[in-house]
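Subject: A structure for you to look through

Hello,

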Amino acid sequence: MEKIKNKLLPEIIILIIVSICCLLLPNQNNYLADGWIANITGTNSSILLTIKLFLMEPLFWGILCFFLLRCKNMRLIPHEIQPQITKKLYIIMRAVAIVLTIVLLYYTWGFIWLTVLPPMPFRLGYYIMNHRIILGISWCVISIIGYLSLKKK
C-alpha cells in the first residue's frame, strides 16, 4: 500500500494545489468585490474570474481524470491487464497529446482575455466560451491520450 501512495504522490499534490486555486479564486457571485487575492496579486478580479473559469476548472477535470486513470492502473497491474498498444502507436499518441496540449493552452490563453485567437473561427470560439464544459472534456481527452502515451512496454 505504501508503494502505491508513493507512486501517486505527485498527482495528489498537483490535484490538491489546483483544487485550492479553484476554491480561492473569485466565483461568478463575488468577483466584483475586490477580494484579498486581487489585493495581493494586484490584478483585476474579473481577470482572476476568467482564469478560474477557462483555465483552472477545466484543468482540474483533466488532472482528476489522469489521477483516476493512475488509480485504476494501480489496481490492474497485479492482474497483468494492460492495453495492447504498439510502440509506433505510443509515439503517435505522445505527439498528438503534445500538439493538442499546446493548442488547448493557446486557445485557453485567448479565452482568458475574452478573445478568440486567429486560427479558430469566431463563432466556434464564442460557442466554446459560452459552453465551458467543452474545455473540461478537452482536458480529459488530452489526459487520457497523454496517460496512454506515457505507458511503457
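To begin with, is leucine 105 buried, partly exposed or exposed? Before the answer, please bear in mind that this is a predicted model, and that every value below was computed from it. Leucine 105 lies in helix α4, and with a relative accessible area of 43% it is partly exposed, because the partly exposed class runs between the buried limit of under 20% and the exposed limit of over 50%. Leucine 105 and tryptophan 139 are 34 residues apart in sequence, while their C-alpha atoms are 9.9 Å apart in space.

The overall plan

The protein has six helices and zero strands, so that, by the definition of these elements, its pattern along the sequence reads α-α-α-α-α-α. Of its 153 residues, 33% count as buried. If you take the contacts between residues at least 6 apart in sequence, you will find that 69% of them join residues at least 24 apart.

How α4 meets α6

Helix α4, which covers residues 87-112, packs with helix α6, residues 133-150, at an angle of about 155°, and the two axes are 8 Å apart. That angle makes α4 roughly antiparallel to α6, because angles over 145 degrees are placed in that class. The crossing in which α4 passes α6 is left-handed. On the α4 side the contact is made by residues including Tyr90, Met93, Ala97, Leu100, Leu104, Leu105 and Phe111, and on the α6 side by residues including Leu135, Trp139, Ile142, Ile145 and Leu148. Sorted by class, the contact of α4 with α6 has 14 nonpolar, five polar and one charged residues.

In soluble globular proteins, nonpolar side chains tend to be buried together. In this model the largest nonpolar core has 15 residues, of which Phe54, Phe111, Met120 and Leu135 touch the most other members. Two or more residues of this core come from each of α3 (45-76), α4, α5 (122-130) and α6, and the largest share, four residues, comes from α4. Apart from this core lies another one, of nine residues, among them Cys22, Leu48, Met56 and Phe67.

Which residues does leucine 135 touch, if we do not count residues up to four places away in sequence? Leucine 135 touches Phe54, Pro58, Leu104, Thr108, Phe111 and Ile128.

Glutamate 11 is found in helix α1, which spans residues 2-24, and it is buried, at a relative accessible area of 12%. Not counting residues up to four places away in sequence, glutamate 11 touches Phe66, Phe67 and Arg70. Isoleucine 17 also lies in helix α1, but at 48% relative accessibility isoleucine 17 counts as partly exposed. Between isoleucine 17 and phenylalanine 60 there are 43 residues in sequence and 9.6 Å in space, taken from C-alpha to C-alpha.

Proline 26 is found in the loop between α1 and α2 (36-41), and this proline is buried, with a relative accessible area of 12%. The C-alpha atoms of proline 26 and serine 46 are separated by 8.3 Å, although the two residues are 20 apart along the chain.

Where does leucine 114 lie? Leucine 114 lies in the loop between α4 and α5, and at 53% relative accessibility it counts as exposed. Most residues other than glycine have a negative phi.

With best wishes

Key
Residues are numbered from 1 along each chain as its sequence is written. This is a predicted model: local features need pLDDT of at least 70, side-chain atom pairs count only at pLDDT 80 or more; totals for chains, interfaces and linings use all residues. Side-chain values use heavy atoms; hydrogens and water are left out. Axes are lines fitted to C-alpha atoms, for helices over the stretch in contact, and angles run from 0 to 180 degrees between N-to-C directions. Angles under 35 degrees count as roughly parallel, over 145 as roughly antiparallel, 65 to 115 as roughly perpendicular and the rest as oblique. A crossing is left-handed if the near helix is turned anticlockwise from the far one by less than a right angle, and right-handed if clockwise. Contact means heavy atoms within 4.5 Å. Ala, Val, Leu, Ile, Met, Phe, Trp, Tyr, Cys and Pro count as nonpolar, Asp, Glu, Lys and Arg as charged, and the others, Gly among them, as polar. A nonpolar core is a set of buried Ala, Val, Leu, Ile, Met, Phe, Trp, Tyr and Cys residues joined through side-chain atoms within 4.5 Å. Buried means under 20% relative accessible area, exposed over 50%, partly exposed in between (1.4 Å probe, protein chains only).
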